[in-house]
Amino acid sequence: MTEKKSNYVYFFGSGKADGTAQMKDILGGKGANLAEMTSIGLPVPPGFTISTEACAYFSANKGAYPKDMREQILENLNRLEILMGAKLGDAKNPLLVSVRSGAAQSMPGMMDTILNLGLNPDSVEALIAKTGNERFAWDSYRRFMQMFGDVVMGVPHHEFERALQDVKDEKGKVFDTELDSNDLHEVIARYQRLYKRFTGEEFPVDPQDQLFKAIDAVFSSWNNERAIKYRQMNDIRGLLGTAVNVQCMVFGNMGDTSGTGVAFTRDPSSGENRFYGEYLMNAQGEDVVAGIRTPQSIETLRAVNPEVYDQLVGIRSILEKHYHDMQDVEFTIQEGKLFMLQTRNGKRTIFSWLRTQVEMVEEGLISKETAVSRVPAGEFGKLFAPILDIKVIRDQNLQQVTKGLNASPGGASGEIYFTAAKAEEMAAEGKDVILVRTETSPEDIGGMAISKGVVTCRGGMTSHAAVVARGMGCPCVSGAGEIRINEPKKYLQVNGVTLNEGDYLSIDGFTGAIYASKIPVRASEIVQVLNNNMKESESIVYQNYKTFMEYVDEIKTMGVYTNADTPNDTHMAVALGAEGIGLCRTEHMFFGGNRIMSIRKMILANNIVEREKALAELLPMQRGDFEGIFTELNGLPATVRLLDPPLHEFLPNDHTSRHELALQMGISVEEVAQKSSALHEFNPMLGFRGCRLAIIYPEILRMQVRAIIEAAINVKRKGIEVFPEIMIPLVGNYKEFEFCKKQAIEVIDTIFDEQALHVEYKIGTMIEVPRAAITADEIAREAEFFSFGTNDLTQMTCGFSRDDAASFLGPYVNDPDKQIYDYDPFATIDIDGVGKMVKIAADLGRGVRPDIKLGICGEHGGDPKTIAFCQSVGLNYVSCSPFRVPIARLAAAQAVIAAKKK
């Protein structure tokens, strides 16, 4: 029995193709679409594609080809030569080809294009004889030498550009197109010397040697540094490699009746349904995007060549109807004849994604499910964030002074201040403030709340600053390690630049860029409409968003709640589609106004009488907060977490602040210092916090429960339904939960008797301790809901400190030789470890209490990949910060669609 021969090369031409659009994994996106365009009758220059499987073999076998692949390439080359009636590099009738890479997913970080392969001094003369255009032939050879030398052999691109510029300067020319044949001879002679100097060999004249060197270069480019980096940045995984596309050349540089261009079937920036693109006459290859000459807008082609323009418009319609999505095309016009070189689904802004998909649904081109499945959930948050004015940055050529992590999206510009107190003071005077800190702590919450943006020198994507800023919808750049702050002297230094307190700084939370300049900021139209600062009819973006989210809500099955601690946050979250509050952190309420003094009194109290007196001051404040939150929810449920952080976080940690506190309280500085010292812990995350506070000081729990239930009754009296859910944090043992629940019910029953009115409520716990997850059946006997606090559950399961892990998690995730984790476990749930804990707890909980309510409230609740996992486990809801609610809604719908396809 003969062994089946593997096929590595796929031909396309004359209206027929070996491949189809569905073969992207094997042919790459470019090769699959060249085959498809050929099959549907578009004018595509013929050629062949070498598969991604060949690239995988090449990479795994130190540059060797699979068996029979070289012969298959030569067979298909011969087929191409017969079809075209020409021979590669022939001295009488030369066939010339282009060589391009093309992976299954578009990767601009890959190898550049090589054009005009097959040219040598003999075939140049043949091309002159064939075309009667000497300048065109030598210009084509010049271009080939530069591309081949740069891309295939690694001769620095700028060396070729310098040689070309030198000749133009000597000849008194400005543009490449002004050089005549004699000038081009000189350029080529200099290129040949350059090539030999850098490679140690003469420029190759054998066309097959040129071809196989180019193929090897494309395959090798799959693992070059920029390609690896691009795949990491764009989370591209699981691909075999890149395909190689060898295609018959067509020429846009044969004079004024020839040209080249790129176009989108719709506007990639706004999504408007109009033909969008640019072209250059008498140009080739990358000239349109290289900036050598200013290209012309595509609509002006109508005046230059109306037949070609009308043909392009017709192809635009054909492609959209065939692919059912916006296309990005490349074309060449050779002496008045149009050829299509590429089509692919166009890259676009999130604004364009939204508009194109909504309008395509309305046009009947795609279904609602298709539209929802396509819009990238990871980009969705950009719809709501303010943005730096890109036009100003470009026009003024502003350069970033440093770069950190893009921790929370949005643009911000303002005066820098180095303490939360000073930031609050200056904001009260009407200043736009950027808070710059080495790192933030819970005590900085007030300063963060009024800041236009936040910058930290330390901390990662899940640091305190990042998490809180995202929750507030505040732009944040964290981990800007090049910044050095001198807080006492009120200045910072970065890369030779000194900025004093009050100087302007602008940050881009989309990219992590920081500018030492004042840059205008534009608000999101969606937020403006939601805040009644713009009419819905005035914003196409909002209209598309509203329609699209209707599609989303028709599809998703899992609830989306929000993490909100104030009425304002709650209002915005509900406006953005939140179905309740999954996490209200009561400790955040203690930092506003005079409340911090009351909580400090409680901490510094020497006995229960003093402690209850301080708590009595806090009670009306907390009750008022809850009334505001419950009113904004208007009948939606609210999960309120009782006091969680260790008490020392509420006390000042420097001598000046301690002295001020001692004066205010009428005690000595020593007493404040002694109490702070007594509360100091070596590992506070695992220390005296959460339910442990409530067990040792039950009066804290009782005050908070009273505030919650009294607020609920007060709001219910106004005719608004209220559904409070009281969450006891950091439970690891069911006995802890039982103790706290008993205390809470005693208070609730007392209030019901006092008020002669009841409200529905639940008491549950946050699962954030591994022991709680594996004993969840015991806890579920008493707990009515579980909310998975995946931030701390990740810390305790993986043994990582969230605030310190940035030093090693980068290499753990990104280094190709390590890849211990696929993703940062604080950004995307570690399914094999933490995820398994969640599933164990969910299964155990349902086994005891089938109707137990299950949700997730860590930062992971806004991460699309985590949301897909939550859908698979069968959680009832996810909860995330207000401005991530639409992202979570979209991701929840996409999870339903993905599950159907499995």
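Author: Arg-135, Asp-139, Arg-142, Arg-143, Asp-176, Thr-177 and Asn-282 line the second largest cavity. This is a predicted model: local features need pLDDT of at least 70, side-chain atom pairs count only at pLDDT 80 or more, and totals for chains, interfaces and linings use all residues. Residues are numbered from 1 along each chain as its sequence is written, and side-chain values use heavy atoms, without hydrogens and water.

Reader: What counts as a cavity?

Author: On a 1 Å grid over the protein atoms alone, it is a set of points where a 1.4 Å probe fits but cannot get out; lining residues have an atom within 4 Å of a point.

Reader: How is that lining divided into nonpolar, polar and charged?

Author: No nonpolar, two polar and five charged. Asp, Glu, Lys and Arg count as charged; Ala, Val, Leu, Ile, Met, Phe, Trp, Tyr, Cys and Pro as nonpolar; the others, Gly among them, as polar.

Reader: And the largest cavity, how is its lining divided?

Author: Nine nonpolar, two polar, no charged. Leu-642 and Ile-728 are among the lining residues. Helices H26 (691-696) and H27 (698-716) each supply at least two. Helices (H or I, at least four residues) and strands (E, at least two) are DSSP runs, numbered from the N terminus.

Reader: New topic. What is the strand order in the open sheet of five strands?

Author: E11-E10-E9-E12-E13, with antiparallel pairing. Two strands pair if DSSP finds at least two bridges between them.

Reader: Which strands stand at the edges?

Author: E11 (296-297) and E13 (337-345). Each has a single partner strand, so one side is left without a neighbour in the sheet.

Reader: Which residue in E11 is the bridge partner of Tyr-279?

Author: Gln-296.

Notes. On a 1 Å grid over the protein atoms alone, a cavity is a set of points where a 1.4 Å probe fits but cannot get out, and a pocket is an open set with protein on both sides within 12 Å along at least five of seven lines; lining residues have an atom within 4 Å of a point.
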